Amino acid sequence: MDKIVYLDRDGTINKEVDYLYRPEDLVILPGVPEALRRLKEHGFRLVVVTNQAGVARGYYKEEDVIALHEALNERLSKEGATIDYFFYCPHHPVHGIMEYKKDCHCRKPETGMFEMAEAFYSPDKANSYMIGDKLLDTEAGNRYGVSSILVGTGYGKDIYDSMSEAEKSVKFAHYAPSMDEAVDFILAKEGGK
Ligand SMILES: O=P(O)(O)OC[C@@H](O)[C@H]1O[C@H](OP(=O)(O)O)[C@@H](O)[C@@H](O)[C@@H]1O
Ligand SMILES: [Mg+2]
Ligand SMILES: [Zn+2]
C-alpha cells in the first residue's frame, strides 16, 4: 500500500497567477521544496491533482501544461522533492472549446484524478492526505476518503478567514498556514502511530 500526499498545484506548490502556463512565470512558494522533501523522506508518494481549465478556455494547450510540469519537476528534483505523478483536468463544464467543454469526472471537487492514480498506486487512504488552497480541493479529498488539509497560501487564508467555525469543523481535517505546517501535521500523525 502507498502512503500518498495528493497536492493541488496553483496556490499550493507554486504562486497562484491566473491561468499559469509559461515556465518563466512559475514561482515555487517559499519552503515548499523542503517540506515536500520531508514527506519523501518519510516514504510518501507525491501526486499532483490540478484543475487546468485554461486548456478548455483556450488560454493554453495541454502541451503547455505538460511542459510546465516538467519545468516544475526539474526545479523540485534539485531539492530532493520530485513529484511522482502529475494529473490534470483540462475540462470545464461551461467554458470550453470542442471536446474540453465537458461535465467531466476529473475536475475537482470530483475524484477522477485520484482514481486515475490507482492505475499506478494502491493508496493507503487512512494514511494519505490532500493538501490544497481551495474548498474544492478539500472536498475532493474528503469525497475520495483521505484526510484534507486547507493550506493558507494562494486563496487559502482568505477562504479560511471567511468561514464560520461550524464550516471549518466539517470542510477539512486541518488548516495549516503554510505547506511546512501542513507537513508538520502529517508527520505528527505518523509519529503518533
Ligand atoms: O492547481 P489548481 O489550483 O487546481 O489550478 C487552478 C488554476 O487552474 C485556475 O483555477 C481557476 O480557474 P477555473 O475556475 O478552474 O477556470 C482560477 O482560480 C484560476 O485563477 C486558476 O489559475
Ligand atoms: Mg489551487
Ligand atoms: Zn476533467
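Reader: Which residues of helix α1 are buried?

Author: In this predicted model, helix α1 spans residues 32-41, and its buried residues are Val32, Ala35, Leu36 and Leu39.

Reader: What covers the buried residues of α1?

Author: The cover includes the strands β1 and β2 (45-51), together with the helices α2 (62-77) and α7 (179-191). Following α1 comes Gly43, which has a positive phi, near 85 degrees.

Reader: Let us turn to the sheet. In what order do its strands lie?

Author: Strands of a sheet pair through backbone hydrogen bonds, either parallel or antiparallel. Here six strands form an open sheet, ordered β3-β2-β1-β4-β5-β6, with parallel pairing. At the edges stand β3 (85-89) and β6 (174-176), each of which pairs on one side only. From one strand to the next, the twist averages 25 degrees.

Reader: How many bridges join β1 and β4?

Author: Strand β1 (residues 4-7) and strand β4 (residues 129-132) are paired in the parallel sense over three bridges. Opposite Leu7 stands Ile131 in β4. Helix α4 (residues 135-144) packs on the sheet, where it touches β1, β4 and β5 (147-151). The direction of α4 makes about 170 degrees with that of β4.

Reader: Which way do the residues of β5 point, and are they buried or exposed?

Author: In a regular strand the side chains alternate between the two faces of the sheet. In β5, Ser147, Ile149 and Val151 point one way, Ser148 and Leu150 point the other way, and all are buried. The strand β5 is thus mostly covered, with five of its five residues buried.

Reader: Over how many bridges does β5 pair with β4, and over how many with β6?

Author: With β4, the parallel pairing runs over four bridges, and Tyr129 has Ser147 in β5 as its bridge partner. The chain passes from β4 through α4 to β5 in a β-α-β crossover that is right-handed. With β6, β5 pairs in the parallel sense over three bridges; there, Val151 has Ala176 in β6 as its bridge partner.

Methods: Residues are numbered from 1 along each chain as its sequence is written. Chains are lettered from A and ligands numbered from 1 in the order in which they are written. This is a predicted model: local features need pLDDT of at least 70, side-chain atom pairs count only at pLDDT 80 or more; totals for chains, interfaces and linings use all residues. Two strands pair if DSSP finds at least two bridges between them. Helices (H or I, at least four residues) and strands (E, at least two) are DSSP runs, numbered from the N terminus. Axes are lines fitted to C-alpha atoms, for helices over the stretch in contact, and angles run from 0 to 180 degrees between N-to-C directions. Two residues are in contact if their C-beta atoms, placed from the backbone, lie within 7 Å. A residue is buried if 20 or more other C-beta atoms lie within 10 Å of its own, exposed if 12 or fewer, and partly exposed in between; C-beta atoms are placed from the backbone. A crossover is right-handed if, with the strands pointing away from the viewer, the path from the first strand over the helix to the second runs clockwise.
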